Amino acid sequence: MRPAAVFTGLAGMAVVASLLMAAEARLRGGTGGEDTTAAEAPEMGPAAEITPETGGRLAPISDADAEIIARAAQPAAPSPASAERMTATPADPPPPPDTPGGQAAGPAAKKPIELTRPVAENAGVLSFGERRLQLAGIVPTPTDRICGPAGRQWPCGMLAKTALRQLLRNRSLTCDLGMAEWKGTATAACRLGTQDLGTWLAENGWAEAEAGSPLGVVAEKAKQAQKGIYGGDPRRK
């Protein structure tokens with residue numbers, strides 16, 4: 001065998017060994033390790049190799065081999081669990097424990113509540129034992145109110161109270177309240193069957209409507225028709 005051929009073969013083996021060591025060094029570099037042998041090896045570049053046919057000159061390698069070397073040099077992709085930990089967002093903070101759903105506590109919602117044995121204290125205020133309830137939308141007519149011109153005055157407040165008592169006749173009412181028990185005087189709309197008591201008093205002229213109340217229209221009609229406290233003594237008719 002000729003010395004030139006032997007030299008060429010040894011050179012080719014050295015180049016292949018250098019490429020393998022370079023690839024191994026790149027693999028170790030992806031995991032944080034270092035290879036001093038690969039660092040000391042000459043950089044030949046992944047795109048060329050020495051073959052006996054080229055007489056020791058660099059020749060281009062195939063695209064498949066270059067792609068294999070490039071993939072080996074890339075760092076390993078993170079695991080799915082690691083990716084989830086990296087992309088996970090902090091959970092929303094829980095709502096305040098003192099209010100459901102984090103919403104501010106508001107007044108209790110009103111609901112229909114049945115009240116028994118109502119007593120009319122005047123035309124607009126009812127009593128249930130020690131509790132009192134003012135009908136919504138009207139100005140109660142005090143029992144001591146006097147109506148009519150001089151010489152023809154009459155106790156319209158007392159008659160207004162009597163008219164409401166005759167309507168109630170101790171029957172149960174349905175009132176829109178936040179709770180069945182309360183202290184002092186509450187204000188609510190109450191119904192006797194389907195008849196709203198505040199509307200009945202305003203329509204018949206036994207009570208005036210509050211300012212801005214929707215009962216203002218019917219109260220004005222009663223005034224124009226001279227009903228209740230707007231008219232004369234009904235006992236003279």
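1. Strands E4 and E5 (residues 125-128) pair in the antiparallel sense, with three bridges between them. Strands (E, at least two residues) and helices (H or I, at least four) are DSSP runs numbered from the N terminus, and two strands pair if DSSP finds at least two bridges between them. Val 119 stands opposite Ser 127 in E5. The two strands form a hairpin with two residues between them, and Gly 124 in that turn has a positive phi of about 150°.

2. On the basis of the note: the model is predicted, with local features needing pLDDT of at least 70 and side-chain atom pairs counting only at pLDDT 80 or more, while totals for chains, interfaces and linings use all residues. Residues are numbered from 1 along each chain as its sequence is written, and side-chain values use heavy atoms, with hydrogens and water left out.

3. E5 also pairs with strand E6 (residues 131-135), again in the antiparallel sense, over four bridges. Leu 126 has Leu 133 of E6 as its bridge partner. This hairpin, too, has two residues between its strands; Gly 129 in the turn has a positive phi of about 70°.

4. The open sheet has four strands in the order E4-E5-E6-E9, and its pairing is mixed. E4 (119-122) and E9 (185-188) are the edge strands, each pairing on one side only. On average, neighbouring strands are turned by 35° against each other, direction ignored; axes are lines fitted to C-alpha atoms (for helices over the stretch in contact), and angles run from 0 to 180 degrees between N-to-C directions.

5. Both faces of E5 are covered: Val 125 and Ser 127 are buried on one side, Leu 126 and Phe 128 on the other. Buried means under 20% relative accessible area, with exposed over 50% and partly exposed in between (1.4 Å probe, protein chains only). Residues touched by Leu 126 include Val 119, Leu 133, Leu 164, Leu 168 and Leu 197, where contact means heavy atoms within 4.5 Å.

6. Helix H5 (residues 156-168) lies across E4 and E5 and runs at about 170° to E4. Its buried residues, among them Leu 159, Ala 163, Leu 164 and Leu 167, pack against E4, E5, E8, E10 and H6. Just after H5, Arg 169 takes a positive phi of about 50°.

7. Where is Thr 141 found? Thr 141 is in the loop between strand E7 (138-139) and H5. Why does Thr 141 count as buried? Its relative accessibility is 2%. The Thr 141 side chain reaches the backbone oxygen of Trp 206 at 2.7 Å. Thr 141 also touches residues including Asn 122, Gly 157, Ala 160 and Ile 229.

Technical notes. A polar contact is a pair of N or O atoms within 3.5 Å; within protein, one must be able to donate a hydrogen and the other to accept it, and residues adjacent in sequence count only if both atoms are side-chain atoms. Lists of a residue's contacts leave out its neighbours within four places in sequence.
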